[in-house]
Structures are given as structure tokens and as C-alpha cells.
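Below is a short briefing on one structure, with notes on its chain contact, its domains and some backbone details.

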Amino acid sequence: MLTTIAQAVVNGLLIGGIYALVSIGVTLIFGVVKIVNFAQGEFVMIAMYISYFLAANYGIDPLVSLAVSMPVLFVVGLLLQHFLIRRVLALGDMPQIFLTFALSLLLVNVALLLFTANYRTVQTPYSDTALQLGVLYVPTAKLIAFMVAMALSALLWVFLHATDLGKAMRAAAQNRDVAMLMGINPDRVFGVAVGVALALAGAAGSLLMPFYPAYPLVGQVFVLMAFVAVVLGTLGNVIGALIASLMMGVAESLGIQFVGADSGLIVVFVMLLLTLALRPNGLFGGWSR
Amino acid sequence: MATTGNATLARRLTRRDFLKKSAGPIATASFGITRKAFAADPVNVGGLYPVTGSFAQIGQGCVNAAKLAVEMVNAAGGIKSLGGAKLNLIVSDVQSDTTVTRTETDRLISGYKLSAIHGAFASALTLIASEVAERAKMPLLTGSSSDQLNSNRRYTFTPFSRASQFALAQLQMSKLVGDTPKVAVIFENTAFGTSTSTGLREQAPGEGVEIVMFEPYSAGLTDAGPLINKVKASGANMLFPVSYLNDLILIIRAIRQTGLKIAINGGSGGFVIPDFYKNVGGVAEGLLGVAHWNHDVNADAQKVNEVYKKRFGEFLFEYAGGVVAQTFMIADALERAASPDPQKVRDALATLDVSSGYAAMGPGGKVKFGPTGKNVYAHPVGVQWQHGDLATVFPKDDARASLMKS
């Protein structure tokens, strides 16, 4: 029994790491640029296809192609901010929602057209292996994904707290107008924020590829969890999103184990509803960003 | 509106005419001697397959197989009782769409002097095509497994096992892992998942199969780890996932990752085609399934498979192999009917009784249609992915390879 619980917690933490990469991106864009990016999942999908094609055509390991997908998506983020998001910032909520939602639909359908609806997998030497720690199995590919995800989150935290650009980003997040008065160029800050958020989605995609199939709708699977994590962890709060993602992973896993395999999400959403009722600002409202 | 419709029809007819006219000289060129000896009119056989839309992958394979089969019949001298008449295949794209299937079946029957039709493989499309064919009194052979095709029909013939036989075969296959199989059934909580799994559960006691876990899950898994953790705790040695592909891939991987020794049988479905292996790769190795036909069941099937593989670069899969057999059944019926008249061909199909040759190259090795149009000898086979190929492992009489332990 204890083994089963421990295994469930391990499974939950591991997938929570992936949720974290997606949700940190969403919360970062929301915190800094004040726009909800509904297309975040589709950027995960794009990164998965980048890693898939690099693996299928050139035999490049998805962990190596992380070095391709992250910079590519960072640049895509800069372009996205410069050519699309910047134009709707002054227009209010609706055009912003429509923009990212339309982008999501567009990317899914272009992917369907280009790549068809087939599921594509990459087989790496570590795809089907696991480390055995006593009675617990820790799948290698998921463990690697989890550790890289945590390392990237830590790097992001250092970037936000120790660099001028990071501090400018947090300043812009706290109060855009005052930040501008202090000489911070919002376009530059926003561009970097969107770029970093997409690079994280890119990392998530490449890290998923060794154990998860790529298909055009794959992003939607993860973006739902990411949005719940963002709300649970207080909108705009990077650390909050990280902790909430891990909590959700564990809650889902325990829910599947003890409530029923079709009830994992129920546990997660009960958590969300309770949080909204008791702490409407999320679990980490009032904490520092 | 009417003008546009007519224009389209005219254009289509012209293109068909062109193909027909150009096919003549080509056929004459390749079979010159035979043509001179027997100047019989060709016999038209219709093929209804989706070569565009969501069923296109399988549909295209069926068309390839149909063309190959017609070539084989003609190269062997055509229909001898009709003066060596050649078969002439007329393919129509039903576009994976029920409405198009209805109009195309109609158009094919009224536009050409057909002797018989085969096709549509997908149940939703075949049910429509069969309705239209029944009304037009046109014999239809199909690889579709829907049991509905065997009620109130006179012109529809189903040479292969029925959907109702598949669940039974799947349960019987669990004996492959031992005398007391412990089965875990995990199914997505959709109509498809619920109905399929209920069928399995109801028939399990009759087959002496113990179901130790019966669990629905939310389709669209992010992680199969927790679910497999549960399967592991149940002590099962055989797993029936009733899942679509993405969940299936995650389930298989989670099983490998937890080091769980368990056989996986996915039942019948889209994973017994070459494309499945091409897409998911090594993940498929060892996966069990149920099929109504496989390319290794006998020597004739293997022979056709070699030719098909050389030409199209992939093995002859379930439905495509069935189409080759169906073409030879039609040829056999034409031979005995000695007439291209669809009514006579229908009667000849109803009395078909073959136990050798390409027409009989299915599981069971015999074809004879009962009063419901069902081949009384048909049964499904258990298959397993082994080294990128699909090998028949069940039942014993049909098995061409031993079970690969996973």
C-alpha cells in the first residue's frame, strides 16, 4: 500500500514538472504583458514536431534538439510580440483573447494540413527504461524531463531576480506605467517575456518527445492543466505556477489511484474550486512574484 | 445549379471515357495474343473505396490491392466461360463520407454495366453502399465486419469474420499467456470504450477468463503512469486497453517503464495496418490484436503478399488482402454463372464453395456463404507485431509464429 502511494506521488511529481514548464510560460506572459496566451499549447506542439523531425531525419536525440527548439521558439516569441501582440495591447480584452485563440486554431489546422493527424513517436535508448530505487520505478525519460524543467525554472528565477532585464520585467509586471516612467522600454521587456515563455514551451515539447507522441492537437492536452495551475498558483506568479503544477500532478495521480482512473481530473478541479472559493487570488496571492 | 451538375457529370464521363479508351490499347499491348484469340467484352467490376478523407490510408491500399487482383485474374486468362473476358475494375472514390458514398454507389451502378461491386471496408460507408446495392439488385462483397450487414440482405456477402466474433477471439487469446489468465480491462470513458469493454466483460465467464480489473479512464491521458500503477497492483497478466492510439502509446510506454511483465491485446482496430508501425515505431513490438485476415495465413496469401510488398513497399494488410480474395470470389462466380448479368452473378455467389486458390486464402481456408450472406467458415485470427511485421499467433491451426513474450 505504502509502495503504491509512494509510486503514485513519484508519477505525479514527474508529470507535474512538464505541467510547470507550460504553466510558467502562460503565467509569465500574463504577469508581464497582461495577455492570456491560449496558443501556448500549440507552441509545445511545434517544438515536439521540431524534435520529431530532427530525430527522424538526422537521428538527433530530443534532449539535444532542445538546443534548437528553445532558441527557435524564443525568436518566434519575439516576432509574435512584435507583429501581433503589440498591435492589440491597447485594444482591451476581447481582441487580445481573439488574437491568441485564433492563433491556436490556426496553428492546429496548419499542423493537421502539414503533418496529418497521425501520432509520431521517437524511440530513444531511455524511452522505455526506468531507474529502480528500492521498490519504486522512476521512468528515465520523465526523470530527465523533470530535472531539466526544474533547472530551467531555477534559471528563470535567477534571471528575474538577478539581472537588470529580469528586474525590468518584474517592474513592468507590477506597474507598467511607472516602469515606463523609470525608463524601461516596454516593447523590449514584453518581447523578451513572450520569447522566454515560448522557449519554455519549446523545452516542454522537446522534453516530452522521448515519451509522448506528437500530433496536432497535443498542445490542448497540456494547456488545460497549465491554465488550472496558473489560476491555482495565482495569476502572474511564477513560483506559484511551479508549485501548483507539482501539486496538481500529485493530486491527479493519487486521484487515479484511489478515486478512479476517470476521476483524476475531478480531484484537480475540486482543488481548483475550493481554492477559488477560499482564496480567490490563488494559493500564492500576496506572495512575491 | 442543374447546369453545373450536368457539366461536372459530363466532364467526369469524358475523363472516364478517355481512361476507358486509353486502357483498351494498353491492355491490347500487354495481353495482345489473348485479346486476338478471344475478343470477348470485358466484365465491369465496381470498387467503392475512400481514397480521400479520413479513411484514405486504408482505402488507397484497398484500391492498390484491387488493381493487383484484377491483373492476376486477367493474366491467368480472364473468365474462361465468357471467352476469356477480362475483368475491368472501375474505382470510385467515396471520400470517407456517407452522402458521397450514397451518390457514388448510385452513379456507379447506373452509369456502368456492372456485374458486381466490392468495397467500402469502413462500416459506416459499407452500410450505405449495401443499401443502395440491395435496391439495385447488385451483388456486393465487403470486408466490413459490421453484423448489421447480415440482416435483411440478399445481395450483400461478407467473406470474413463478424464484429461479434472479435471479442470472443480476444478473450480466447488470453489463454496464450497461461491456463488461468488474469485480465485487466481499461477503457476510455466514451461510447466506444464502454460498449466494447462491456461486451468483453459479459463474455469473459463463458470463456473461463477472470477479469481482475475493470476500469474506465478519461480519454486523452497526459500520463499513463498512475493508471499502470493500478494495473500492476491488480496482479493481471493480460491487459485489454480499449483505447485510441495516443492513449495506447502512452499505456504501452508506461508498462515498459514500470518493468511490468504483461501481454497487451488491443483488439481490432487501426493498429493492424503498416502505417501504425511506421508512425509509432518500436513501441508497437509485441502488441497483440485481432484481425479478420492476415498475410501469412496460407501459401497463397504469402505469395500475393510478396508481389504486393514489392510493388507498394508495405505488407498486404487485413482489408487489402481481403479485397484480393473478394476479386477472385467474383471471378469464380462469373466463371460458373457464364454471364455478366448481376442477378446470375449473385446466385453464383450464393452457391460459392471454394477451399483452394486465392478466393479461399483467408483464415479457415474455405468460403461458403450462409443464408445471411455470411461466410460460414470465417473466423478472426490473433496477430502480434513482431520485428515490424504482423504475425499470426492464434488460433493454433492458423498460427505461423509463436507468441513473443513482452
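**Contact between chains A and B**

The contact takes 29 residues from chain A and 29 residues from chain B, where two residues are in contact if their C-beta atoms, placed from the backbone, lie within 7 Å. The model is predicted: local features need pLDDT of at least 70, side-chain atom pairs count only at pLDDT 80 or more, and totals for chains, interfaces and linings use all residues. Residues are numbered from 1 along each chain as its sequence is written, while chains are lettered from A and ligands numbered from 1 in the order in which they are written.

- On the side of chain B that touches chain A, the elements giving two or more residues are β7 (210-217), α8 (225-234), α9 (245-257) and α10 (274-280) of chain B. Helices (H or I, at least four residues) and strands (E, at least two) are DSSP runs, numbered from the N terminus.
- The most residues on this side of chain B come from α9(B), which gives seven.
- Sorted by class, this side of chain B holds eleven nonpolar, 13 polar and five charged residues. Ala, Val, Leu, Ile, Met, Phe, Trp, Tyr, Cys and Pro count as nonpolar, Asp, Glu, Lys and Arg as charged, and the others, Gly among them, as polar.

**Domains of chain B**

- Chain B is assigned domain 1 (31-161 + 297-375) and domain 2 (164-291 + 382-394), with bounds that come from an automatic or database domain assignment.
- The centres of domain 1 and domain 2 of chain B, taken over C-alpha atoms, are separated by 32 Å.
- In chain B, nine residues of domain 1 are in contact with eleven residues of domain 2.
- The side of domain 1 of chain B that touches domain 2 of chain B has four nonpolar, two polar and three charged residues.

**Backbone details in chain B**

- Ser96(B) is not a glycine, yet has a positive phi of about 55 degrees. Ser96(B) sits in the loop between β2 (87-93) and α4 (98-111) of chain B.
- Ser96(B) is buried because 21 other C-beta atoms lie within 10 Å; the cut-offs are 20 or more other C-beta atoms within 10 Å for buried, 12 or fewer for exposed, and partly exposed in between, with C-beta atoms placed from the backbone.
- His387(B), also not a glycine, has a positive phi of about 55 degrees. His387(B) lies in the loop between β13 (381-386) and β14 of chain B, and counts as exposed because it has 9 C-beta neighbours inside 10 Å.
- The peptide bond from Phe394(B) to Pro395(B) is cis, with omega near -10 degrees. Pro395(B) is placed in the segment after β14 (389-394) of chain B.
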